[in-house]
Amino acid sequence: MAAPAAAAAHHYHFEVEMTCGGCSGAVNRVLGKMEGIQKYTADHNTKMVDVYADEGVAYETVLEKIKKTGKAVTKGEKDGVDAAV
């Protein structure tokens, strides 16, 4: 039997200006290519992005990847604490 996956070391939460499925799809694509991301969701209806990441994945790295999609990040949280965007 395989060992269960380790719990994510970090939970990053972002509010992102997304207006359609294409917007959330773009965010999902960049997050899906990142190493050390265990789980992620991007929902254009709620404008929320949640990322569960390994210890070695910095909040700032995830933030920059999301910003590179051209979507504005209006709020961020790092492990439940407000963080700069």
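The model is predicted, so local features need pLDDT of at least 70 and side-chain atom pairs count only at pLDDT 80 or more, while totals for chains, interfaces and linings use all residues. Residues are numbered from 1 along each chain as its sequence is written, and side-chain values use heavy atoms, leaving out hydrogens and water.

Me: What share of the residues in the protein is buried?
Reply: Buried means under 20% relative accessible area, with a 1.4 Å probe and protein chains only. The count runs over the 85 residues in the protein, and the buried share is 33%.

Me: How do β2 and β3 run, parallel or antiparallel?
Reply: Two strands pair if DSSP finds at least two bridges between them. Strand β2 covers residues 37–43 and strand β3 residues 48–53, with six bridges joining them. The two strands form a hairpin with four residues between them. Their direction is antiparallel.

Me: Which residue in the turn has a positive phi?
Reply: The turn belongs to the hairpin of β2 and β3. The phi there is about 60 degrees, and the residue is K47.

Me: Which residue in β3 is the bridge partner of K39?
Reply: Strand β2, residues 37–43, is joined by bridges to β3. In β3, the partner of K39 is Y52.

How values were computed: Buried < 20%, exposed > 50% of the residue type's maximum accessible area, 1.4 Å probe, protein only.
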